[in-house]
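Trainee: I would like to go through the terms used for this model one by one. Please set each value against its definition.

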Amino acid sequence: MRLWHEQLITKLPRQQLLGQHREIAALRGNGWGKKHATVDYVFSYSPYKLYQFHILVMDEMKRRGYQPNSVWYDKNYRGKSCTTYENLSAVERTYPIYPEHDERYLQECIENLFNKGILVN
């Protein structure tokens, strides 16, 4: 499980884009706070940041003609089997959304994709 660098979202192939949506949905739901070496940093921030990141992914999905379930556009929604937030407080949008998504992380993601046979510019 990984969150791709946000600069790569528009360049991800279908499989990686849709996989990103599934992974974020899992993290927003019952996966929130569960240790995972690659994405533990997200738990250091408000879940609202993950929501902001999810919006980027879903907007790209829509741009490509996919129809992500609109319930995920609700900041408080956490999935069918998870209690919603009462009223998740908004946080200011930063760029990048996660400071860990720096130039080094971008290169790491590009290499990861390359090792899967995917070239991104």
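Trainee: By class, how many nonpolar, polar and charged residues does the lining of the largest pocket have?

Mentor: The lining of the largest pocket has 2 nonpolar, 5 polar and 4 charged residues. Ala, Val, Leu, Ile, Met, Phe, Trp, Tyr, Cys and Pro count as nonpolar, Asp, Glu, Lys and Arg as charged, and the others, Gly among them, as polar. The model is predicted: local features need pLDDT of at least 70, side-chain atom pairs count only at pLDDT 80 or more, and totals for chains, interfaces and linings use all residues. Residues are numbered from 1 along each chain as its sequence is written, and side-chain values use heavy atoms, with hydrogens and water left out.

Trainee: Which residues line the largest pocket?

Mentor: Among them are Met1, Trp4, Gln15, Gly19, Glu23 and Lys116. The largest share of the lining, 6 residues, comes from helix H1 (residues 14–28); helices are DSSP runs (H or I, at least four residues), numbered from the N terminus.

Trainee: What volume does the largest pocket have?

Mentor: About 210 Å³, a volume being the space filled by probe spheres set on grid points joined across faces, edges and corners. On a 1 Å grid over the protein atoms alone, a pocket is an open set with protein on both sides within 12 Å along at least five of seven lines, while in a cavity a 1.4 Å probe fits but cannot get out; lining residues have an atom within 4 Å of a point.

Trainee: How many cavities does the search find?

Mentor: The search of the whole structure finds 1 cavity of 30 Å³ or more. Its lining residues are Arg28, Pro47, Tyr51, Lys75, Tyr85 and Leu88, of which 4 are nonpolar and 2 charged.

Trainee: Why are H1 and H2 called roughly antiparallel?

Mentor: H1 and helix H2 (residues 47–63) pack at about 150°, taken between N-to-C directions on a scale from 0 to 180 degrees, with axes fitted to C-alpha atoms over the stretch in contact. Angles over 145 degrees count as roughly antiparallel, so H1 and H2 are roughly antiparallel to each other.

Terms used: Helix = DSSP H or I, 4+ residues; strand = E, 2+ residues; numbered from the N terminus. Parallel < 35°, antiparallel > 145°, perpendicular 65-115°, else oblique.
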